[in-house]
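Open the model in your viewer and keep the selection tool at hand. The stops below take you from the chain interface into one chain.

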Amino acid sequence: MSNRILVATRKGLFMVERQAGDVAGWKVTGCDFVADHVSMVLADPRDKRVYAGLDHGHFGVKMHRRDDGGAWEEIATPAYPEKPEGLEDNDMWGRPIPWSTSKIWALETGGPDEDGLIWCGTLPGGLFRSTDNGASWEIVRSLWDFSRVKKWMGGGADLPGIHSICVDPRNSKRVKVGVSCGGVVTTDDGGTTWDSQISGMRAAYMPPEQAFDPDVQDPHRLVQCRADPDRFWVQHHNGIFRSDNGGTAWEEITEAGPSTFGFAVVVHPSEPDTAWFVPAIKDEKRIPVDGKVVVTRTRDGGRTFETLRNGLPQEHAYDLVFRHALDIDGSGDRLAFGSTTGSLWISEDQGDSWQTVSANLPPVYCVRFG
Amino acid sequence: MVRVVFTPNLQRHIACPPLEVEGTTVREALDAAFADNERARTYVLDDQAALRKHMSVFVNGARIRDRVHLSDAVPENGEIYVLQALSGG
């Protein structure tokens with residue numbers, strides 16, 4: 001059961017902690033990197049280190065790390081290799097793809113047998129690996145080359161990005177990444193080779209004959225059930241998808257309460273049929289349905305959904321929840337999510353009720369228990 | 001010698017005092033300026049060693065033209081200003 005949440009926002013990294021002796025009291029207890037854009041945060045349970053991806057805009061992105069009980073220090077930032085002179089390597093508009101990290105968009109630890117290993121997903125689509133707790137990074141060149149052969153494209157940004165990294169708890173060499181836009185891509189050998197062949201995922205924004213092309217898919221967020229690692233959930237640009245066979249075949253969930261559009265999804269760590277989403281009006285609008293912030297929950301694999309709203313604003317609310325801004329703790333009972341309007345809510349009963357921690361934070365990009 | 005001055009906005013992240021360096025091009029001058037301050041290099045130049053998108057460099061008041069190779073000439077006793085562009089907010 002986690003008593004601390006890290007909240008990465010447009011203007012700093014906030015610590016939120018459950019107050020001892022107070023049943024419902026979660027409070028903001030601190031802020032690091034005040035006024036800085038923090039795009040991603042990771043609390044490593046193996047050694048209690050915390051990593052933060054900062055975006056200084058003009059000055060580029062930077063990685064910071066704090067040892068348990070220590071001070072923040074800037075560490076190496078994933079950097080792309082030198083682009084070969086004369087290489088014609090263009091995006092969908094015919095412009096040269098910039099070989100330079102423009103966003104740190106995913107941070108995950110390696111498997112239990114991989115001390116010191118951290119994975120980092122970025123825009124413009126590179127995956128990086130560190131084997132020394134972030135002191136140095138190496139691009140996974142096989143996937144970088146793969147991405148350009150497959151012509152990944154931007155989803156909500158000019159450039160594609162890796163936003164989800166799932167390390168199979170049974171086998172650390174099996175890693176799956178979610179890409180906007182580039183689909184779901186898997187390695188079974190620790191990153192030497194990659195495969196993007198999936199079926200059933202549909203892209204409504206493509207011509208009909210290309211709708212099921214695996215390489216054009218825009219999964220907004222990909223999550224894996226820890227206790228049943230063959231079960232994956234995706235909140236996609238145009239719907240919800242579930243896989244029961246390790247992420248190869250996908251089934252579309254066409255009904256999910258107010259909407260199947262959104263950015264975030266989490267799955268219960270030990271109940272693969274239980275997942276939560278934060279719906280919004282699709283696509284061109286991206287605001288809560290009817291001005292009501294709700295969370296939807298399924299407990300039967302997507303056959304039925306409950307709409308949860310106890311403690312959430314139900315009128316004139318325009319909060320949007322980005323893909324990394326919903327999290328669930330290791331017990332599966334506590335959830336937290338933050339919004340573009342700076343609200344942060346926490347539930348201790350799997351979403352049946354929510355406490356407002358703040359309605360005045362900066363726009364929230366990433367929420368993580370730890 | 002040429003003088004290199006960095007935007008004050010950079011100072012909250014990393015110390016970059018003005019300094020005098022040798023260099024006949026912007027590249028040479030910045031390489032010299034970053035020789036003892038490698039961290040600062042990544043705040044001004046991207047992974048390909050080009051000028052970051054929302055950074056500007058002026059030589060004696062004139063904006064440089066070559067943002068990729070930084071080949072613009074710098075005269076002796078010249079002054080280089082490294083600033084953030086408002087296009088970046």
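Two residues count as in contact if their C-beta atoms, placed from the backbone, lie within 7 Å. This is a predicted model: local features need pLDDT of at least 70, side-chain atom pairs count only at pLDDT 80 or more, and totals for chains, interfaces and linings use all residues. Residues are numbered from 1 along each chain as its sequence is written, with chains lettered from A and ligands numbered from 1 in the order in which they are written.

**The interface.** Select both chains. Here 14 residues of chain A are in contact with 14 residues of chain B. The chain A side has four nonpolar (Ala, Val, Leu, Ile, Met, Phe, Trp, Tyr, Cys, Pro), seven polar (the others, Gly among them) and three charged (Asp, Glu, Lys, Arg) residues.

**Helix 1 of chain B.** Select residues 26-34. Helices (H or I, at least four residues) and strands (E, at least two) are DSSP runs, numbered from the N terminus. B:V26, B:A29, B:L30 and B:A33 are buried (20 or more other C-beta atoms within 10 Å of a residue's own, C-beta atoms being placed from the backbone).

**Strand 1 of chain B.**

Strands pair if DSSP finds at least two bridges between them. Strand 1 of chain B pairs with strand 2 of chain B in the antiparallel sense, over three bridges. Find B:R3 opposite B:E20. Strand 5 of chain B runs parallel to strand 1 of chain B, joined by four bridges. There, B:V4 has B:I80 as its bridge partner.

Notes:
A residue is buried if 20 or more other C-beta atoms lie within 10 Å of its own, exposed if 12 or fewer, and partly exposed in between; C-beta atoms are placed from the backbone.
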